[in-house]
Structures are given as C-alpha cells and as structure tokens.
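Open the model in your viewer and keep the selection panel at hand. Each stop below gives a selection and then says what is there.

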Amino acid sequence: MTDKAVSPLRRRLIEDMAIRRLSPKTQLHYIRHVKRFADFLGRSADKATAEDVRRYQLSLASIGTTVPTINVSATALRFFFKITLRRRDLADAVVSTREPRRLPVVLSPEEVGQLLASATNIKHKALLSLAYATGLRASEVVSLKLSDIDSNRMVIRVEQGKGRKDRYVILSPHLLERLRE
C-alpha cells in the first residue's frame, strides 16, 4: 500500500482488516473489490443501498464473472458493510454463488508410476512422491525441512500451510524409504 491520499473510509477498511490480521493478499483483494463496487456506483460505497448491491451482483453475473471471483467480491463487500460500515442490512443483501462440485481427476496406479518414472533426478522423484503420497501443496513441499520428518511417529509436520495453520500428515514406510534414498 502507498500512503498517497487515502480516503478516511478506505483507511478504516484497512485498519479493520489489520485488526483482524487478514493476510496482505486478502486485504489487497478486499480493497480491490470494494473499489470496483464504488466505481460501479459512481459514488462512495458508504452511500450504497440494497438495490445497488443487487444491481452490482447482477452486473457481475451478466458479464460472465467466474463463481470464485463473485464469491470473493461478496465476502469483501460483506466485510466492508458489516465490519467497516456497521450496516448489517447491506451485508445481508450480498449473495454468494454456489459452485458445482466436480470430482477430481484420480490417476491410476500405472499413471502414478509413469509420473514418478518421468522424473530423472532423485530429488525431483522424492518431491513428487512426497506431494502425491501426502497430499501436500507445492508450497508446503518446498518449505519442508528435514527436522519436520518424524520417522519414529511416522508423521510429517507441516508448518504454516494454507490458512497459516500447522498440521501433521501421515508418513508411509514406503515413502520414508524413498526419502532416505
């Protein structure tokens, strides 16, 4: 954020997000969506009505905005109305969209074997095996340290994963042997 001419309303929104310790990325998204809403209105967002909220969400849907983007916008506006403006009536007017659940693509054992065999470097093979066997995200695999692997208890400690949460994942004997290689 820059310190150039920030309106009192935006400053209050930023402070409210800081108090709640929202991540910088989340803060950036919330500010962006509240600004887009204000741009749509052509006036300050604190002057909005429930009908304005409805028209804005209708316009997002009509231009083909994706469901995740609509939902981030809804969450940002809900936060802005409920926390910053203390206008529960407007927060209640914001609607989230349901996204259809899709089954993930599951690889067959042969496909997993081909994937792991395609890695020529032992380090890459170990990382792919670790990610596949434990379900870790790429950023979690990259940030693992040797001290995070507890071979006595057969668990791996994941620190500050998604949502800045710590957790343990189970370590299989086969994966432990691959990692020891």
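This is a predicted model: local features need pLDDT of at least 70, side-chain atom pairs count only at pLDDT 80 or more; totals for chains, interfaces and linings use all residues.

**Stop 1: the largest core**

Start with Leu13, Met17, Phe37, Leu77, Phe80 and Phe81 and show their side chains. These residues have the most contacts inside the largest nonpolar core, which has 25 residues. In soluble globular proteins, nonpolar side chains tend to be buried together.

Now colour the helices α1 (8-19), α2 (24-41), α3 (50-62), α4 (67-84) and α5 (88-93). Each gives two or more residues to this core. Which element gives the most? It is α4, with seven residues.

Zoom in on Leu13. What does it touch, beyond residues up to four places away in sequence? Its partners are Ile31, Val34, Phe79, Phe80 and Thr84.

**Stop 2: another core**

Next, select Leu144, Ile156, Val169 and Leu171. They are among the 10 residues of another core, which lies apart from the largest one.

**Stop 3: α2 against α4**

Two packed helices are described by the angle between their axes and the distance between the axes. Go back to α2 and α4 and hide the rest. Their axes are 9 Å apart and pack at an angle of about 85°. Angles of 65 to 115 degrees count as roughly perpendicular, so α2 is roughly perpendicular to α4.

Select the α2 side of the contact: His29, Tyr30, His33, Val34 and Phe37. On the α4 side, pick Thr69, Val72, Ser73, Thr75, Ala76, Leu77, Phe79, Phe80 and Phe81. Colour the contact by class. You get nine nonpolar residues, five polar and no charged.

**Stop 4: α7 against α9**

Select α7 (residues 122-134) and α9 (residues 173-180). Here the axes come within 9 Å and cross at roughly 160°. An angle over 145 degrees counts as roughly antiparallel, so that is the term for α7 relative to α9. The crossing of these two helices is left-handed.

Show the side chains in the contact. From α7, take Lys125, Ala126, Ser129, Leu130, Ala133 and Thr134. From α9, take Leu175, Arg178 and Leu179. How many of the residues in this contact are charged? Two are charged, two are polar and five are nonpolar.

**Stop 5: the loop between α8 and β1**

Move to the loop between α8 (138-142) and β1 (149-150), and select Asp148 there. Is Asp148 buried or exposed? Its relative accessible area is 7%. Buried means under 20%, so Asp148 is buried. Leaving aside neighbours within four places in sequence, Asp148 is in contact with Ser143, Val155, Ile156, Arg157 and Glu159.

Stay in this loop and pick Leu146. Leu146 counts as exposed, at 74% relative accessibility. Draw a C-alpha to C-alpha distance from Leu146 to Thr26. The two are 31 Å apart in space and 120 residues apart in sequence.

**Stop 6: two arginines with positive phi**

Find Arg21 in the loop between α1 and α2. Its phi is near 55°, a positive value in a residue other than glycine. Arg21 is exposed, with a relative accessible area of 65%.

Finish at Arg86, in the loop between α4 and α5. Arg86 is not a glycine, yet its phi is positive, at about 55°. Arg86 counts as exposed, at 62% relative accessibility.

How values were computed
Residues are numbered from 1 along each chain as its sequence is written. Side-chain values use heavy atoms; hydrogens and water are left out. Axes are lines fitted to C-alpha atoms, for helices over the stretch in contact, and angles run from 0 to 180 degrees between N-to-C directions. Helices (H or I, at least four residues) and strands (E, at least two) are DSSP runs, numbered from the N terminus. Angles under 35 degrees count as roughly parallel, over 145 as roughly antiparallel, 65 to 115 as roughly perpendicular and the rest as oblique. A crossing is left-handed if the near helix is turned anticlockwise from the far one by less than a right angle, and right-handed if clockwise. Contact means heavy atoms within 4.5 Å. Ala, Val, Leu, Ile, Met, Phe, Trp, Tyr, Cys and Pro count as nonpolar, Asp, Glu, Lys and Arg as charged, and the others, Gly among them, as polar. A nonpolar core is a set of buried Ala, Val, Leu, Ile, Met, Phe, Trp, Tyr and Cys residues joined through side-chain atoms within 4.5 Å. Buried means under 20% relative accessible area, exposed over 50%, partly exposed in between (1.4 Å probe, protein chains only).
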